Amino acid sequence: MIFRPALLVSAGLMALMPAAIAQDRTPHEEMARDIYRNVVEIRSARGQQNVPDVVAYLVGQLKGAGFADGDIEVTDYDSNGEPVQGLMVWLRAEGEPKEDPIVLLAHMDVVDALAKDWARAPYKLTEEDGYFFGRGTADNKYGLTNLVSTFIRLKKEGWTPNRDLVLALSGDEETGMVSTRGQAEYVDENIKPAFVLNADAGGLALDEDGSPLYYGVQGAEKTYATFELTVTNPGGHSSAPRADNAIYELAGALKKIEAYKFPVMSSELTRASLRSSGRQRLDGLGKAMRDFADNPEDEAAIEVLRANPATVGTIGTTCIATMLSAGHAENALPQSATATVNCRIFPGVGIEATEETLKDVVENDEVKFELISDLVESPESILRDDVLAAIKASLADRGVDVPILPHMSSGGTDGMHYRNLGYDTVGISAAAAKQNDTFAHGLNERLPVKSFYDGLDHWYVILKTLAGDDTAD
Ligand SMILES: [Zn+2]
């Protein structure tokens, strides 16, 4: 790994600088931080009905920067009883476009945060200890901010792309994905892009010291499926137990699922990803990753990868019990017992096939299965040469020279709906973070301040590379 020493120096200096100097930012950086603060401080979580506030704010910013009414489309959706909105924004080619459009994804909603559990107010952007704290700072209001501020920057520059660039900002990615689905269908019918880029996945991975390790590209997602397993029973008085019992039967089914190992699977993408990640580590896990990439039937490697939570999902489908409810009184036999089992299905396997496997494993017709999630299956996407070249240009602009590694994530982002419709969709976020350091969806979510600013040219370079006349052939 090589990277510009200046980056190290500036990182070191930043830590020593007094706040007043550290905050001396360019107008674009200030504008982006201002957008970031405004969108983080709107509690756009399910149940709050605040997504329209995010939309109204962003529309105001976009119109202020010169986007015409005809370049902005706000759509209302009903996301399982809650009104949400989706926002689409066009940066249009002038005259006849040279190539098919590019669609760019981010989401405006967040997983809710309970203020009493957080160290700081979750819906306030707080800069502290080199981090921006707040719900959504990582997932996905940085991506949202970055795409919108880049569009504004390009518009203000008077730059016109040689193909249409279209933002598709969804309003319920974290819950129903109704807006995502609506937008994906709209895109499929009306825009037919060459490909789709997602700001909500991928990005620069940093080591423990904050040095860039590799740039991850999300090229595939496992399919998300949740099943409810229910056993019912006539019940009765607990002083007179029957032979059959809903809780025991369900427990038996769950123990069988616990013991079952889904078949080991791999694809060119997952093997390449394990090989490169394995090269970054000197420990036994790294060796197992490399060995598995060379030989996906290597039993010793499989054992190590299966035993590690960080890798178990990379070599096949996983299904795991996540919730349980049963019985209605301490002195009554249970009339029903229900468990929730969440599956992350390897691309290509399918939800139905996974349900059949689980039924075979459980081997008990009394256990009724119900699919309660409503998500689509998504095939692997290709990392196109032109997108790869654009990522390289962005990294070079940042002074970062690291391997670019496609990977499969456990899902599910908006991207799955576009992949499901046949569009190559890759996650190429601008964010830089250490592993498990941003606490997305968790307590005290954060993004390194340095990462925030360092990534602000990412989409600018990417879009100019992919849609600029000087570089297009
Ligand atoms: Zn997200």
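1. Q49 is placed in the loop between α3 (27-40) and α4 (51-64), where helices (H or I, at least four residues) and strands (E, at least two) are DSSP runs numbered from the N terminus. Although Q49 is not a glycine, its phi is positive, at about 55°. Q49 is partly exposed, with a relative accessible area of 44%; buried means under 20% relative accessible area, exposed over 50%, and partly exposed in between, with a 1.4 Å probe and protein chains only.

2. On the basis of these remarks, the model is a predicted one, in which local features need pLDDT of at least 70 and side-chain atom pairs count only at pLDDT 80 or more, whereas totals for chains, interfaces and linings use all residues. Residues are numbered from 1 along each chain as its sequence is written, and side-chain values use heavy atoms, with hydrogens and water left out.

3. A positive phi is also found at N80, again not a glycine, with a value of about 50°. N80 sits in the loop between β2 (72-79) and β3 (82-91), and with a relative accessible area of 57% it is exposed. As background, most residues other than glycine have a negative phi, and most peptide bonds are trans.

4. The zinc ion has as its protein donors H107 (NE2), D139 (OD), D200 (OD) and D200 (OD), which lie 1.9 to 2.5 Å from it. Donors are N, O and S atoms within 2.8 Å of the metal (3.2 Å for Na, K and Ca), and because water is not among the atoms, sites may look incomplete. The angles subtended by the four donor atoms run from 54 to 138°, which makes the arrangement irregular. Under the criteria used, four donors count as tetrahedral if all angles lie between 85 and 135 degrees, while four count as square planar and six as octahedral if opposite donors are over 155 degrees apart and all others between 65 and 115; anything else is irregular.

5. Along the chain, the donors of the zinc ion follow the spacing H-x31-D-x60-D. H107 belongs to strand β4 (residues 102-107) and D200 to the loop between β8 (195-198) and β9 (203-206), so the pair ties together parts that are 93 residues apart in sequence. H107 is buried, with a relative accessible area of 0%, and D200 is buried as well, at 15%.

6. N140 lies in the loop between β6 (131-133) and α5 (141-157).

7. N198 is located in strand β8 and counts as buried, at 1% relative accessibility. Leaving aside residues up to four places away in sequence, N198 touches L105, T413, D414, G415, V426, G427, I428, S429 and W459, contact meaning heavy atoms within 4.5 Å.

8. Helix α7 (residues 246-259) and helix α11 (residues 351-362) have axes that come within 9 Å and cross at roughly 115°; axes are lines fitted to C-alpha atoms, for helices over the stretch in contact, and angles run from 0 to 180 degrees between N-to-C directions. A253, K256 and I257 in α7 meet L358, V361 and V362 in α11. The residues of this contact divide into five nonpolar, no polar and one charged, where Ala, Val, Leu, Ile, Met, Phe, Trp, Tyr, Cys and Pro count as nonpolar, Asp, Glu, Lys and Arg as charged, and the others, Gly among them, as polar.
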